[in-house]
Amino acid sequence: MTTSTSNQIPVAVDPRIRELAEKLTVEQQVGLLTGADVWSTVEIPEIGLKRIVLSDGPAGVRGEDFDERHDSISLPSSSSLSAAWSVDLARRYGQVLGQEARRKGVHVVLGPTINLHRSPLGGRHFECMSEDPVLTAQLAAGYVTGVQSVGVGATPKHYIANDAETERFTADSVVAERPLRELYLAAFEQAVTEARAWLVMSSYNSINGTTASENDLLETPLATEWGFDGVVVSDWTGVRSVDAAKAHQDLEMPGPVGAWGPKLVAAVESGEVPREAILEKVTRILRLAARVGVLDGFEPAVIELPKAIDGRAFAREAAARGSVLVRNEDGVLPLDPSALKRVAVIGDNASDARTQGGGSATVMPLQIVSPLEGLREALPDDVEVTYTRGAKVSVGLQEFPRESLSNPVSDVPGVRVTFLDATGAEISGEDRLASHLIWFGVGIPEGTTTIRMRTAWTSPDDGVHQLGIGTVGHISLALDGEKVFDGELVAEHAVLGAALFAPPQETFPVTTTAGQRVDVDVVFALPESQAIPFSAVLIGEETVVDDADAEIHAAVEAAREADVAVVVVGTNSAIESEGFDREHLDLPGHQDRLVSAVAAANPRTVVVVNSGSPVLMPWRHEVAAVLLGWFGGQEFGAAIADVLLGVQEPGGRLPTSWPAALADVPVLSTMPVDGKVHYAEGIHVGYRAWLKQAAEGGASPAYPFGFGLGYTSFELGQVSAGTSVTAGEGLTVSVPVTNTGSRAGREVVQVYVAREDSAVDRPVRWLAGFGSVELDAGASGTADVSVPARAFAHYEDGWQYEPGTFQVLVGRYVEDEFSELTVTVA
């Protein structure tokens, strides 16, 4: 196999690429630096340059549209991936994304997202990996290697200190040099220096007063110290002025209209921006084109592809590997199917699971397996599986179930969409499957002024149903021929993600009988002008619960009559999404009440948490087991069934600390003050902040970083390692591991470093490396963990090594009872 690391065009650059760049006029050169449209770069046929297609996202490759007919594999969220603590899994995860990209004609995947979990309130927490830079860096490098092993460019993002969503376009992250280097930049470093990423995405925010696309950090350390020879692409609309061209910013997206164009041509001609700077940017873009195979006359970076991975099977494996078991009283899990007669499955998320986060990470999978479906499929036919919702989780309109819709024109399931010109004449039409339709840059024919959507919805039962529409702009809705709305819907916030996925809505009550069809006719007027061409229309139903107590009572009765109750709780799209941060960590609705009530009725209550980031669990000591399932991708339900029934081990360990109470969290606020987010905690982020707080007499988390249970037991033996470290040479820690349980399993060995009586402000301890072993029952093996010299360094005008004695601590999680070695740093 020829991989991206072994056959890249070298940093020195094939001189022919530079020659091609020099052949172009100034106008052509500058034109290449801004996208041709929302998702691709400019073609220049005379030099054999085809367009480079870029696509979201970190957990699935959507392609150039949001069209549900063009389905994508939906993998577990990055927080789930990082919970597996496996570089190999991250590499295979990346390869699946690379395969998907090639299938869709995409050359660049806009991922991984590797900003740190600075605060659990971060709205995009699910899309990022961890609160620790070492864990993040190693998994990011694995991910990048996997994507690029199939000849597709990976794009670590968002560089840098873009760790919250509030005022994300304008906020200034004020970060001292030491935490910037030791935490936030360190998370990106291995993706560049080891995996050799072909792109990096600059962020929206400013860092210490300068917006990212104009910041010197794009030059140093990225290019000068790390040797990055790829393309720095902006986040969409992240280039604000010609000044970005004076920095190491290469590609402005989207296009064709941006901040550069004619203004940049004039700046080059006047000498304000050196021509050489433009030539270097063009050369880097052409180098990327050569690597991904769209520049004639140049061999792509990867010729022989690795053996393909089954995407659906991998999605299921990854979801199981990332699941974290944090409570298992009396060994209630795994469940023995032969001992079960009735299983009560409870929870809104059990039947309508949240499998991915909101925003640009969204993809359209062909199918989704819910926990309810997964358990029904996995359990024997003689086990009765009952379902009750118990408590509503979803808020606002939800798109109609596809099977409830009938296209009135084509007589097939779905929605008929027609594109009309200013005279009302039809330009074209199409048959769509879903009732949440998004057009982002593509899909709307030229000349369209209005879009008409028609379907017939079949009511599932007798009663009053709240039907409605959601969008930004002018829209009308007719139900059974009666126009019930014709007006403007205005967004509360100027946030692109909110407009697409959580738009303003209007609902109207409709009384139906079971099986009754309701004709739905929607007409949407396209905006006259937009900086980025996008439109979204949601047609659906809002669930209204008249009696929350009755729902909980029904769940309690179902649980009381069952051998085991499986309660699936979770968040919704109004809580975890791109574009806004969270206000609290509570589960929405009455879910906490539901869990406590069910647990009181059935001591064998198992809770599955379906969230992308921490939530509070005030009932955690009341239930028999708690399994964190994250946003588990399209095979979430199948994977949950595998874990609950013992087909798979719950393989995960926490990549971030889970608090018991919001007030306990040591680093919490994501809210800018006068436009600035002050990283006043310095190097004490995540578990480092928790340890510092505990040492000062404060609270500890409910579940600490690195923690996770399994279905077997392990014993760690006598640890061995070198006794000294120099600036250029680290050490390897060898840990004998024995599986002392009755079934096969996986143990994750974590190595931390500490320094007592240091002259330098340090965390109580910090992660230096990790490794794992998979062992059959009774078997032994060795986990060899590489600890680089940098683990002992701190940053102060360069990497410094404080001479003296450090402690190397070996255990299973950050608050474990450690085996300790002493190491001397010369």
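Does serine 758 count as buried, partly exposed or exposed, and what is its relative accessibility? In this predicted model, serine 758 has a relative accessibility of 23% and therefore counts as partly exposed. The cut-off for buried is under 20%, and exposed begins over 50%.

Serine 758 sits in the loop between β31 (745-754) and β32 (766-775). Its side chain reaches the backbone nitrogen of valine 760 at 3.0 Å. Serine 758 and glutamate 802 are 44 residues apart along the chain, yet their C-alpha atoms are separated by 8.2 Å.

## A buried arginine

Arginine 178 belongs to helix α6. With a relative accessible area of 16%, arginine 178 is buried, because buried means under 20%. A polar atom of its side chain lies 2.6 Å from the backbone oxygen of aspartate 761.

Leaving aside residues up to four places away in sequence, arginine 178 touches Ile683, Val760, Asp761, Arg762, His794 and Tyr795.

In soluble globular proteins, nonpolar side chains tend to be buried together. The largest nonpolar core here has 99 residues, and those with the most contacts inside it are Tyr159, Ile160, Tyr184, Val733, Val737 and Phe792. Helix α6 (residues 177-193) supplies the largest share of this core, eight residues. Apart from it lies another core of 59 residues, which includes Val26, Val233, Ile285 and Phe298.

Not counting residues up to four places away in sequence, its contacts are Val719, Ser720, Ala721, Val751, Ala783, Asp784, Val785, Val787, Val808 and Val810.

## Aromatic pairs

A pair of aromatic rings is described by the distance of the centres and the angle of the planes. The structure holds 24 aromatic pairs. In one of them, the rings of phenylalanine 66 and phenylalanine 440 have centres 5.9 Å apart and planes at 10°, so the pair is stacked. Phenylalanine 66 is in the loop between β1 (54-55) and α3 (78-83), and phenylalanine 440 is in strand β16 (residues 436-440); the pair links parts of the chain 374 residues apart. Phenylalanine 66 is buried at 2% relative accessibility, and phenylalanine 440 is buried at 6%.

Tyrosine 159 and tryptophan 226 form an edge-to-face pair, with 6.5 Å from centre to centre and 85° between the planes. Tyrosine 159 lies in the loop between β3 (153-154) and β4 (172-174), and tryptophan 226 in the loop between β7 (210-211) and β8 (231-234), so the pair ties together parts that are 67 residues apart in sequence. Tyrosine 159 counts as buried at 2% relative accessibility, and tryptophan 226 counts as buried at 6%.

## A cluster, and charges over rings

Trp85, Tyr687, Phe705, Tyr752, Phe770 and Phe818 form one aromatic cluster.

Which ring does the charged end of arginine 62 sit over? The ring is that of phenylalanine 66, and the distance from its centre is 3.7 Å. Arginine 118 lies over the face of tyrosine 679, at 4.1 Å from the ring centre.

## One face of helix α14

Helix α14 (residues 591-601) has the buried residues Gln591, Leu594, Val595, Val598, Ala599 and Ala601. Seen down the axis of α14, these residues fall within an arc of 160°, so they line one face of the helix. An α-helix has 3.6 residues a turn, so residues three or four places apart point the same way.

The buried residues of α14 pack against β10 (342-346), α13 (548-560), β24 (564-570) and β25 (605-610).

## Backbone details

Where are cis peptide bonds found? One joins tyrosine 159 and isoleucine 160, with omega about 20°. Isoleucine 160 is in the loop between β3 and β4. Another runs from methionine 253 to proline 254, with omega near -5°, and proline 254 lies in the loop between β8 and α7 (262-270).

Aspartate 330 is not a glycine, but its phi is positive, near 55°. Aspartate 330 is in the loop between β9 (324-328) and β10, and at 82% relative accessibility it counts as exposed. Aspartate 411 also has a positive phi, of about 55°, although it is not a glycine. Aspartate 411 lies in the loop between β13 (405-406) and β14 (415-420), and it counts as exposed at 67% relative accessibility.

How values were computed: Residues numbered from 1 in each chain as written. Predicted model: local features only at pLDDT ≥ 70, side-chain atom pairs only at ≥ 80, totals over all residues. Heavy atoms only, no water. Core = buried A, V, L, I, M, F, W, Y, C linked by side-chain atoms within 4.5 Å. Buried < 20%, exposed > 50% of the residue type's maximum accessible area, 1.4 Å probe, protein only. Helix = DSSP H or I, 4+ residues; strand = E, 2+ residues; numbered from the N terminus. Contact = heavy atoms within 4.5 Å. Polar contact = N/O pair within 3.5 Å; in protein donor to acceptor, adjacent residues only side chain to side chain. Phe/Tyr/Trp six-rings, centres within 6.5 Å; stacked < 30°, edge-to-face > 60°. Lys NZ or Arg CZ within 6 Å of the ring centre and 35° of its normal. Arc of directions from axis to C-beta.
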